Amino acid sequence: MTVAVIALAAAGCGKSSNESSGSSSESGKYSGKGIGLAYDIGGKGDQSFNDAAFAGFQKAEQEFKIGGRDVEPNDNESSADKVQRLEQLAKAGYNPVIGVGFVYGPAVKEVSAKFPKTTFGIIDDATVKAPNVADLVFHEEQSSYLAGVAAAKATKKNHIGFIGGVDIPLIHKFEAGFDQGARSVNPKIKIESQYLTQTPQEGGFSSPDKGKDAANGQIEAGADVIYHAAGLSGQGVIQSAAEHKVWAIGVDSDQYKQSSLAKYKDYILGSALKNVGGAVYDLTKSVVQGKPLSGEVRGDLKSGGVGFADSNPKYQAMKDVVAAVDKAKQDIISGKVTVKTQ
């Protein structure tokens, strides 16, 4: 398939977007223009949450031979900006239209009601209830439990850390799972905890400098493994860990494999995965095949919706750590272990 990529500047719609044109799907059931994807705070290039969504976007475009348009957020934008962005995608004929992140909840609720024949998806929000909306959510606490087990087995000081981007219930799930997993290995382990900001607008998910400062503080306090759930800010956490020669644990994407983090990858123990790309791909597939998903679609360890990336050969060489993480995964899948969300 030949894909034409055009850079667009859309006033009120976002900083930039890519638009690619593709032929209609081979199934013959699909008549939309392609996938419309609206990014969360931090935008494309965060090597984490948004980039995971983009990977699913690309895969769906290529496999189903459809077009697509992905749009960046503006700094300090209003809810009205998000509504306008989704409306523009839906009006242009994109289907599905997906909001990447819980911040799109109110906008998806409003715009989906205006375009009942378009399928909308929202990632990380389960509150939008409509027949043409799929709530794409995850058991983040399960993958975070595995991160906690890995951290507690890998630490040499029995002292680890958690850095959350924003102090909100979604990120509390990451911390709760991490703490429970770590304490399942060592009930007396010391765990540093810090949230970068109280609200997304303050930059908790988009400020590598804030992540680096927080990690520096936790490392100075004695932590030698740090897990972040902080989006783009996590790049600073990983940079700090590498500079201090301690372990970092990434989030959402397999951060060991991310190009912009390549010089730090030896210090990325693993990553707590959230298959955001798979959710984008699966929703698009359902629309292309004429059987759109709707309602809550929740990924867990059993379905492969969440997991723990083991790409680093140094991690693979730590047989006791690998065995403990594998056992924890099986215990969660079997129901022997139930992971807390707060």
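Which side chains meet in a salt bridge at 2.5 Å, N to O? Select K114 and E87: their side chains form that contact. A salt bridge here is a side-chain nitrogen of Lys or Arg within 4 Å of a carboxyl oxygen of Asp or Glu. K114 lies in helix α3 (residues 105–114) and E87 in helix α2, so the pair ties together parts 27 residues apart in sequence. Helices (H or I, at least four residues) and strands (E, at least two) are DSSP runs numbered from the N terminus. K114 is partly exposed at 46% relative accessibility, while E87 is buried at 16%. Buried means under 20% relative accessible area, exposed over 50%, and partly exposed in between (1.4 Å probe, protein chains only).

Before going on, note that this is a predicted model, in which local features need pLDDT of at least 70 and side-chain atom pairs count only at pLDDT 80 or more, whereas totals for chains, interfaces and linings use all residues. Residues are numbered from 1 along each chain as its sequence is written, and side-chain values use heavy atoms, with hydrogens and water left out.

Next, select E243 and K212. Their side chains meet in a salt bridge of 3.3 Å, N to O. The pair links distant parts of the chain, 31 residues apart: E243 is in helix α7 (residues 234–243) and K212 in helix α6 (residues 208–221). E243 is partly exposed, with a relative accessible area of 44%, and K212 is partly exposed at 22%.

Move to R298 and E296, whose side chains form a salt bridge of 3.0 Å, N to O. R298 is partly exposed at 31% relative accessibility, and E296 is partly exposed at 44%. A search of the whole structure finds 13 salt bridges.

Stay on D124 and turn to the backbone. Most residues other than glycine have a negative phi, and most peptide bonds are trans. D124 has a positive phi, near 75 degrees. This residue is in the loop between β6 (120–123) and β7 (133–138), and D124 is buried at 12% relative accessible area.

Where is D252 found? Select strand β11 (residues 247–252), which contains D252. D252 has a positive phi of about 70 degrees although it is not a glycine, and D252 is buried at 8% relative accessible area.

Finish at N95 and P96. The peptide bond from N95 to P96 is cis, with omega near 10 degrees. P96 sits in the loop between α2 (79–91) and β5 (97–99).
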